[in-house]
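Here is a short briefing for a first look at a protein model. Please view the sequence and the structure before reading on.

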Amino acid sequence: HTFDPGLLLRLASHRTYLIGLGCQVAAFVLAFLARRDLPLFLVQASVAAGLGVTAILGVAVLKWRLPAAEVALLVLLFVGIAALVLSARPATSKQLGAAGTVALLVTLVVVGVVGVFAVRLHGAPGSVALGSLAGLAFSAAAVAARPLAAVHSVEAFVRHPLLYLLVAHSVVGQLLLGLAMQRGSTTAAVAAMDAAGAVPAAIVGLLLLNDKIWPGREWLAGLGFLATLVAVIGLTRYAEPQHQHAVADRRARAEVGIPAPARRPG
């Protein structure tokens, strides 16, 4: 109920959370390496598109049922990512400089302060507010990672202030995401986080970090980014395990005295 970092320690006592966190760390490292040469609009959209992998794994492993609308969203998602891949021009990032570093520090403070007040919200408004703040924190972490990934010396990497801003934004984002999930709407939290995490980083990358688009393909990049974002937001309902809905349905049937459907053998 408060903006307390101790929540992360309590979550760390749950094995499922630790497994998920391990997957996040692996994804973080891979995305960091990708940002060394690729523009943020491609990397951030691809990270958000991981939700499509969630849907596919849900079908393959957990026997989820995807209606035709969700299948169409998956197709739109992969078309959008393909458009971004075709339009993105690899290039090494420019360094942010002192002003950019200070801006990231100010962003960290602002997100933290707003988070202290946003944590008082409950239900869907709380999920959206805290999820959006988590997305901004992760977006700022991505902005810090892009020029940091271009540093070649280990000593310069360890001493670089962007490294510590990257860690701080990531921890704050993780805490805000945990708080957003507690508010009762995983769908709202993930949708808000993905939108707030992809758009600001893409804009900053194009304006300040030397992110490039192949000449004449700007329209393809714009359409691809928009298609990916729309598909991700549409697929966020599958961020919630479908077995939860089945359990809720069985409970509702039990409360009104309706027997649950018979399960097939095997």
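Predicted model: local features only at pLDDT ≥ 70, side-chain atom pairs only at ≥ 80, totals over all residues.

Residues are numbered from 1 along each chain as its sequence is written, and side-chain values use heavy atoms, with hydrogens and water left out.

**Overall fold**

- The protein has twelve helices and two strands. Both are DSSP runs numbered from the N terminus: helices are H or I with at least four residues, strands are E with at least two.
- Along the sequence the pattern reads α-α-α-α-α-β-α-α-α-α-α-β-α-α.
- Of the 266 residues, 42% count as buried. Buried means under 20% relative accessible area, exposed means over 50%, and partly exposed lies in between (1.4 Å probe, protein chains only).
- Among contacts with a separation of 6 or more, 83% come from residues 24 or more positions apart. Contact means heavy atoms within 4.5 Å.

**Helices α5 and α11**

- Helix α5 (residues 68–87) packs against helix α11 (residues 218–235) at an angle of about 150 degrees, and their axes are 7 Å apart. Axes are lines fitted to C-alpha atoms, for helices over the stretch in contact, and angles run from 0 to 180 degrees between N-to-C directions.
- That angle makes α5 roughly antiparallel to α11. Angles under 35 degrees count as roughly parallel, over 145 as roughly antiparallel, 65 to 115 as roughly perpendicular and the rest as oblique.
- α5 and α11 cross in a left-handed way. A crossing is left-handed if the near helix is turned anticlockwise from the far one by less than a right angle, and right-handed if clockwise.
- The α5 side of the contact includes Leu73, Leu77, Gly80 and Leu84, and the α11 side includes Ala221, Gly224, Thr228 and Leu235.
- By class, this contact of α5 with α11 has 16 nonpolar, five polar and one charged residues. Ala, Val, Leu, Ile, Met, Phe, Trp, Tyr, Cys and Pro count as nonpolar, Asp, Glu, Lys and Arg as charged, and the others, Gly among them, as polar.

**Helices α7 and α9**

- α7 and helix α9 (residues 161–182) pack at about 160 degrees, with axes 8 Å apart.
- α7 and α9 are therefore roughly antiparallel to each other.
- Their crossing is left-handed.
- The contact of α7 with α9 has 18 nonpolar, six polar and no charged residues.

**The aromatic pair**

- One aromatic pair turns up in a search of the whole structure. Rings of Phe, Tyr and Trp (its six-membered ring) pair if their centres lie within 6.5 Å; planes under 30 degrees apart count as stacked, over 60 as edge-to-face and the rest as tilted.
- Phe32 and Phe157 form this edge-to-face pair, 6.0 Å centre to centre with 80 degrees between the planes.
- Phe32 lies in helix α2 (residues 15–34) and Phe157 in helix α8 (residues 154–159), so the pair ties together parts 125 residues apart in sequence.
- Phe32 is buried at 14% relative accessibility, whereas Phe157 is partly exposed at 25%.

- Val151 sits in the loop between α7 (123–148) and α8. Val151 counts as buried, at 19% relative accessibility.
- Leaving aside neighbours within four places in sequence, Val151 contacts Ala156, Phe157 and His160.
- Val151 and Arg36 are 8.9 Å apart, C-alpha to C-alpha, and 115 residues apart in sequence.
- Thr101 belongs to helix α6 (residues 97–118). Thr101 is buried, with a relative accessible area of 19%.
- Beyond neighbours within four places in sequence, Thr101 touches Pro161, Leu162 and Leu165.
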